[in-house]
Amino acid sequence: MLSVQGLESGYGRARVLFGISLSVEPGELVCVMGRNGVGKTTLLDTVMGVLPATAGMVAFAGEDVTRLPSHRRVALGMAYVPQGHATFPQLSVLGNLLVTLEACRGPREALEEALETFPRLKPLLKRSAGFLSGGQQQQLAIARALVTRPRLLILDEPTEGIQPSIVIEIEEAIERLHASGMAVLLVEQYLELALRLADRFLILDAGHVVHSGTAADLRQEETRRLLAV
Amino acid sequence: MEAFVNQLPIGISIGAVLLLIALGLTFTFGQMGVINMAHGEFIMAGAYTAYLLQDLTGRMAVIVALPVAFAVAGLMGLILERTAIRHFYGRPLDTLLLTWGVSLVLQQLARDLFGAPNVQVQAPAWLQGGIGTLPYNRLFIFVLALLTVAGVWAYLNRTGQGRRMQAVMQNRGLAAVSGIDTGRVDQRTFFIGSGLAGVAGVALTLIGPVGPTLGTYYIVDAFLVVVAGGLGSLLGAVVAAAGLGLLNSYAEFWSDASLAKVIVFAVIVAFLQVRPQGLFVLRSRALS
Amino acid sequence: MNAVTNLARLRGPGIFAVVAALALVVAPLALEPFRLGLLAKYLCFAIVALGIGLAWGQGGMLTLGQGVFFGLGGYAMGMHLKLVEASSLPSSGSSSGGGPALPDFMVWSGVEELPALWAPFADPVFALAMVVAGPVLIATVLGLLVFRQRVRGAYFAILTQALAAAFVILLVGQQGLTGGTNGLTNFFELFGRDLADDSTQRGLYIVVALVLGVLYLGARQLVNSRFGRLLVAVRDGEDRVRFLGYDPAVVKTIVFAISAGMAGLAGALFVPVVGIISPALLGVVPSLELVVAVAVGGRFALAGAVLGAVVMGYAKTSFSEQFADGWLYLQGALFILVMTLAPKGLVGLAASAREALAARRRPAVPASRTVKEIA
Amino acid sequence: MSPIIEVRGLSVVFDGFRALDGVDLTVERGELRFLIGPNGAGKTTLIDVVTGLTRPASGEVLLAGRSLTGLREHQIVRLGVGRTFQTSVVFEELTVLENLDLAAAFRRPLLSLARRRRGVSETVAEALETTGLAGLADRPAGVLSHGQRQWLEIGMLLAQRPEVLLLDEPVAGMSRAERERTGELLTSVARDRTVIVVEHDMEFLRRYASQVTVLHEGRVLAEGSVEEVRGDPRVQEVYIGRRKDDAVSAGS
Amino acid sequence: NESGAAAGGDDTIKVGILHSLSGTMAISEVTVRDAELLAIEEINKAGGVLGKQLVPVVEDGASDWPTFAEKATKLIRQDKVATTFGGWTSASRKAMLPVFERSKALLWYPVQYEGLESSPYIFYTGATTNQQIIPGLDYLKEQGKKKLFLVGSDYVFPRTANKIIKAYAAANGMEILGEEYTPLGHTEYGTLTNKVVQAKPDAVFNTLNGDSNVAFFKQLKSAGVTAEEMPVLSVSVAEEEVTGIGVDNIAGHPVAWNYYQTTDTPANKKFVEAFKARYGAAKVTSDPMEAGYNAVYLWAEAVKKAGTVEVEAVRKAAGGIALERPEGLVTIDGENQHMYKTARIGIIQPDGLIKEVWNSGEPIKPDPYLKGYPWASGLAAG
Ligand SMILES: Nc1ncnc2c1ncn2[C@@H]1O[C@H](COP(=O)(O)OP(=O)(O)OP(=O)(O)O)[C@@H](O)[C@H]1O
Ligand SMILES: Nc1ncnc2c1ncn2[C@@H]1O[C@H](COP(=O)(O)OP(=O)(O)OP(=O)(O)O)[C@@H](O)[C@H]1O
Ligand SMILES: NC(N)=O
Ligand SMILES: [Mg+2]
Ligand SMILES: [Mg+2]
């Protein structure tokens, strides 16, 4: 589904990623882990085309998308929930969902579906997204990605700022989507959550993949050490 | 009392002119944050379009000119956006300088193309005359302003394009990863905003001079309207335009035109004391 | 490593010294009086630009109304010169016996008695004080009013633009008091020296250059101080600054007032240099031109503001001399080119050229190290 | 002695929506108080009111017995109340060091700020050390990653040396190890100052909290020790949720 | 010192042309420049002055008074021109005046103005008040217009003109019903029109300048005001402006000048033909253009008479020079350096040209300080 090879990227002249390779098979859930500042967000941004790749290749569904603008990648079936409560603040909650739906010409049912996953958004539909609480915004952000009915869902710390009971629901939702065949690329700091969800994981450090393997590997002490400061 | 009644339509019609000019700005300035100093020259382009068309279409020129001027000025805006403005997103205030340069060039261009003196656009016969102190041409501008406002409102709030436009302006990066072609949206926004300037230009031929410096006469007031109304707020622009129009007309009646301008300024400063972000603020919880 | 940074640190003062020597020694010797006068004029604008650089480049306050402060300073000086002239001339046909002699324009405007507003400006000390105090006072009041209410960004820009427009209209409308559109002109002497004299003009040039130099150093000090950092913080996140315990309104007002004071001083110097102060110099367009000049030079560096003012002044003069008919094309094209090709202005262009050069010279900062440092 | 923070009958209304509805809260000096509750419960709003960002419809906040009503944000900071933001905001053009230095310098007279900064003050050096940002001191804050920004915010708050620290989800996005560091840091700060933390991380809560206040729909739903609150069925119902293996952060 | 400052080279003489080619005033001033350049070409074709060809140095005053001063300085000091033709607004003239006086250089100013000035280094080839405004008032009085409304742009010419008008009215039993000023470039005349209509004057005396005239007449017309019931006498609207205002909006209203394109003199026939041949058949000629055109010829004549371009000699020689010009006989008054000019009242015709309906019969002696008008005493002295 997604294949990344020798990816390099960064900001201006500061390089952050040094030849990252990874792949996500259809229906697979891959979790990227690593300490703060190692380049997880940079990796996802580059995969989505928010940042240009300075070297390497990103392919999606067999197509080379390395030079494609973000919106074309969305059209191909990639969806992205960026880190940190990203919304269109002056659009209503419904407007936030609609605008995404219209941009990818999805069916109205996709919107209903997304709202089923996040029922707490329903009473808020008319409110401006900018006035929502942090956690409400984050729920909206995930719902917004879901309305595109993506083939690959990319999530950057989706549970950040969300109350425990909803984290459970999100986890279940991801599990469900994953089970229904959606590929997922997830960045997550909660180790336990990652362990429960991931088929495979990678650990980044200083812009390199320093470890990758299955969930079983991650339980090992050595791996845990890699994640510690 | 008689003065009060007589000045009312004048104030409203000044407001209508201001609104018509400011409407284009609610797109380029209000939505995109671009302080487009060339907006005045797009107005001028609209006026010259009406001038050129009157030989072809005779006295219906004003009507025919409206859509043509929209397209002409819109196209000019589109070119400006493609060649220059698009490098400036994220630092909108800087566009002021760029567009200021463009405005100088366009003024000089008009001078070379049409000559320095004013040209004449004949008002059609059916716009001659009026009811009481309200001439038909003023009425025409008033109706045109109303229709344009309604159109703009519907576009922004009732169409997907309008929604996408707002999304891009509120969070460009998120819009892109939500599948919106931000480049297209920028072009469209600028096209429409500039096109509306063209429409205003046609209307202005009915009441004012048509010359290379036409745009410069209205630009400061138009920006004031947008600011007093609140950036990006359509309702605010409408109310502010009406308010400024009335204030202008009454202040001028009881003092003189020069003093009226000073009074208007003082009132706006005072007003921003009460409502610092304009009449209708698009608030947000986030820190700037 | 240390030597390199020391060298780099010396480069600033080095350039400053070279420029100062050029301006103070070479220019007065090399340039003919007319050209030197023009240069003095550009330097006056550079002083205003410096203030804009502070307020806008550092503080994020896009002020489109600096002409107002320039005018306040200029008129203070102009009023003084007019009064000196009126009292020294055999009062031209003035029948109003007793009272002080009237400036020429009051006579033809039908003003019969010296307005109370004018009287104190006969005193050179008062006039010179007002050159700075007037603009600072007005900027402070306006600043406190608008900044406390958190008027900012485009709102502030448009508001100051409207201020310039209103100010000009007010000046024009009070012909008897201000000379109306004509402004104040026809000055003969400054502190007893003949203004038409080339040596007076040369002296004036030196004064302007010195004032600019001193203000530049002062502004640099301010920018590099903690206050300067605070100013940048206010620019980038005014609301957040409040939660650091500072009042952004005060910070902004101070800087706005400083920039206004600079503009006032520049206006006062401009009057004897050019020989006229009129509303045409103060309105929306000239105020905007100065901001444009700052952007062309590079608004994030004070040197850029100064450079921009001089370059734009020179460009305007020479374009309009060479191509009286189409010079606006050239000037417009210049803005457009600079803004698109060098968004950080001429200074930014120089900086990035230097950086590119440096990058070529030292090929590889092991990139992974930079990242490790961060992690 | 009066409590350091006392919130009385606080209500906040946005366009008819009651974000806070008669909240009472008392925090004693030297407490490390946790504030939890569902998304949209009003936690951030409460902090906004205490720090002057939002004006309440009714009720008041007392700092050591003194009403904060009507004070502007910077005045409240000057009285010794500091905060961080849920979405961190730092000055991207300033270096990490300058960010911290500004935070530390607000008590100086404005005029003294006109001098250049020479060296690094002890407070700032300490903050650099605690936050682990020493290596990044001279980098502009704009280059920081999400987690690093969170740390810088905490550092700025520490550098302010406030009496009362309000932190809005400080560990969100932090790795596990950093959460621990933050927890310990807050515990030690709370020894001589007062800390109020909003957090959703239940493990973090369990390890570092003593007193917990639960907000729900703008009201105080429960208050007590961690154990009491976690055991409260209403809290489980609206907030913690039902999963057999005890919420998200079961592992040890 | 004969050769020095004046000559550009051995066989050429440089002259300065200084008008606004950009900004609001460009609309008017460009045409004056064109007329002046035409005169220079004609003189050159006829063999030049003192056997030398004239070389114009054109500068842009940019509608900005300090720029006029700067460019004047440049022309004098750098280009060392023999004389300068330039200016339109009084403000630009006031800004240039000290420059020319200090440098003892010559300026030829071609536009009607408010008087109360007489600089030894300026020749005024347009009308002063007693050659335009007072005849205009005489005409209105003759027509039985007793109640006037004054409308003007907010600057020195209209304000001074109106002062004179008020003094005239007081002395002649006329009533001033209102006096209104608008900023230059003002385009919103609804309120002013309303005030005028409500005051019900017999006539309006209009000293608006520039683009404002377009807005004023358009809006006056749409308010239903006609030239028959309320004529608007303008002193700054000439053939050139009529096109921009739109003939429909202004036809029938009177204007006061010294020259119209239709003025019937042999010299004018030649001028109009030459101008159209040079700049296009659609172009019109107007009073300030003619005054600029005259200025070049008058200066050339003075130089011929003096035998040199040296300033003091030319000034001395200029007094008394009389030439048949398009407007008729023009004589330089050596005392105040203004011209004897014939006053003419015209009515704007539906074809955009102006038909003369009254003239003063003979050139009127210029009287910038209105010393010959008892009612005007006290105007000049303050
Ligand atoms: N805009 C930027 N400009 C320059 N450098 C940046 C920028 N954004 C991030 N960086 C740097 O790139 C590196 C990787 O950042 P990134 O945001 O990808 O980290 P991360 O792994 O997502 O961290 P976190 O867990 O804190 O979110 C960091 O060291 C950071 O300093
Ligand atoms: N300015 C505002 N206008 C309208 N509604 C608002 C505004 N600010 C907050 N709200 C509403 O008030 C409620 C409380 O929000 P608040 O941010 O305090 O929640 P919170 O407890 O911090 O939630 P979270 O845990 O998700 O951060 C939310 O429903 C939010 O939508
Ligand atoms: N002299 C004039 N018309 O200003
Ligand atoms: Mg990240
Ligand atoms: Mg919150």
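Predicted model: local features only at pLDDT ≥ 70, side-chain atom pairs only at ≥ 80, totals over all residues.
**Exercise 1.** Find the protein donors of the magnesium ion (ligand 5) and say where they sit in chain D.

*Solution.* Start at the ion: its protein donors are OG1 of Thr44(D) and OE1 of Gln86(D), lying 1.9 to 2.3 Å from it. Finally, check accessibility against the 20% limit for buried residues. Thr44(D) has a relative accessible area of 18% and is buried; Gln86(D), with 12%, is buried too.

**Exercise 2.** Work out which chains the salt bridge of Arg163(B) and Glu102(A) connects, and whether each residue is buried or partly exposed.

*Solution.* The closest N and O atoms of Arg163(B) and Glu102(A) are 2.8 Å apart, which is within the 4 Å cut-off. The pair crosses between chains, from helix H6 (residues 160-170) of chain B to helix H3 (residues 93-103) of chain A. Arg163(B) is buried at 16% relative accessible area, whereas Glu102(A) is partly exposed at 26%.

**Exercise 3.** Compare the span of helix H3 (residues 66-88) of chain C with the expected one, then judge how enclosed H3(C) is.

*Solution.* H3(C) has 23 residues and reaches 33 Å from its first C-alpha to its last, close to the 33 Å expected at 1.5 Å a residue. Now count buried residues: 19 of the 23 qualify, so H3(C) is largely enclosed by the rest of the structure.

Conventions
Residues numbered from 1 in each chain as written. Chains lettered and ligands numbered in written order. Heavy atoms only, no water. Helix = DSSP H or I, 4+ residues; strand = E, 2+ residues; numbered from the N terminus. Expected span 1.5 Å × (residues − 1). Buried < 20%, exposed > 50% of the residue type's maximum accessible area, 1.4 Å probe, protein only. Donors = N, O, S within 2.8 Å, 3.2 Å for Na, K, Ca; no water. Salt bridge = Lys/Arg side-chain N within 4 Å of Asp/Glu carboxyl O.
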